[in-house]
Structures are given as structure tokens and as C-alpha cells.
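Dear colleague,

Please read them with the model open beside you.

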Amino acid sequence: MRILGLLLILGLAGGLYSWWSQRPAELHPDDPRLATGEAGIVMLAAEWCGYCQRQQRDFERAGVRYRLLDVDSPDGDRAMRALGARGIPVTVIGQAVVRGYDTAALDQRLSPLGYDVY
């Protein structure tokens with residue numbers, strides 16, 4: 001009888017752990033994903049970054065509507081820290097984060113939004 005009770009307690013504990021671990025993580029208040037919703041785009045970049053400039057030109061040519069955050073500004077620095085990012089560009093598309101000038105990942109995220117960039 002004690003073994004049955006122990007198994008019941010272990011089963012309940014496992015179920016609670018499973019339920020608790022599937023909850024979405026809370027986002028930091030400075031995280032740009034709070035502002036993007038499902039389809040918004042934010043690019044974290046710097047003037048001195050060649051890849052950032054290239055991606056900005058690509059976005060401008062394709063008519064992508066996005067918000068630019070300069071990582072050298074206080075807002076951009078806080079956003080980088082909130083994302084745990086170390087390099088740029090970082091592009092937040094909806095709730096997805098694309099790190100670096102990754103044209104395949106950007107195309108995968110932008111195509112469903114109607115943008116033909118790459």
C-alpha cells in the first residue's frame with residue numbers, strides 16, 4: 001500500500017513538473033519581441049557593421065517595414081542584453097530571433113509575411 005502511495009505522489013510530481021516546464025518563459029522588459037507581436041520586425045545593428053549595412057540595403061530594396069535599433073544607443077544596448085546577443089546584426093521577426101546575416105533564415109521568416117528579399 002505504501003508503494004502505491006509513493007508511486008501516486010511521484011506521478012503527480014512528474015505531471016506538475018511537466019506542466020510547469022512547458023509554460024512560456026517570461027520575456028525581459030527590454031526584449032524587442034514584446035514590441036514585434038507576430039509580424040513586426042526589429043533589426044539591431046550599428047553604423048560601423050558591414051553586414052548590418054548590407055542587410056539594411058536588402059530590406060530597403062525589398063520594401064521591408066522594420067524598426068532599426070542602433071546597438072550603440074542605450075535602447076539598442078538594453079535590447080541586445082535582453083536577447084543575450086553578442087554579435088550583430090540581430091533581427092527579430094515576430095517572436096523569432098535571427099542572429100547574424102543569415103539570408104536563408106531571414107528568407108524563411110520573411111517569406112510568410114509577403115516579403116521577397118532573398
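Two strands are said to pair if DSSP finds at least two bridges between them. By that rule, in this predicted model, strand β1 (residues 41–45) pairs with β2 in the parallel sense over four bridges, and Met 43 has Leu 68 as its bridge partner in β2.

On the other pairings, β1 and β3 are joined in the antiparallel sense, again over four bridges, with Val 42 standing opposite Val 92 in β3. Strands β3 and β4 also run antiparallel and are joined by four bridges, and here Val 90 has Arg 99 in β4 as its bridge partner. The hairpin of β3 and β4 has two residues between the strands, and Gly 94 takes a positive phi near 65° in it.

Taken together, the four strands form an open sheet with mixed pairing, in the order β2-β1-β3-β4. Because β2 (67–70) and β4 (96–99) stand at the edges with a single partner strand each, one side of each is left without a neighbour in the sheet. From one strand to the next, the twist averages 20°.

As for the helices, α3 (residues 50–62) lies across β1, β2 and β3 (90–93) and runs at about 150° to β1, whereas α4 (residues 74–83) touches β1, β2, β3 and β4 as it packs on the sheet, its direction making about 95° with that of β2. Within β3, Val 90 and Val 92 point one way while Thr 91 and Ile 93 point the other way, and all are buried.

Conventions:
Residues are numbered from 1 along each chain as its sequence is written. This is a predicted model: local features need pLDDT of at least 70, side-chain atom pairs count only at pLDDT 80 or more; totals for chains, interfaces and linings use all residues. Side-chain values use heavy atoms; hydrogens and water are left out. Axes are lines fitted to C-alpha atoms, for helices over the stretch in contact, and angles run from 0 to 180 degrees between N-to-C directions. Contact means heavy atoms within 4.5 Å. Buried means under 20% relative accessible area, exposed over 50%, partly exposed in between (1.4 Å probe, protein chains only).
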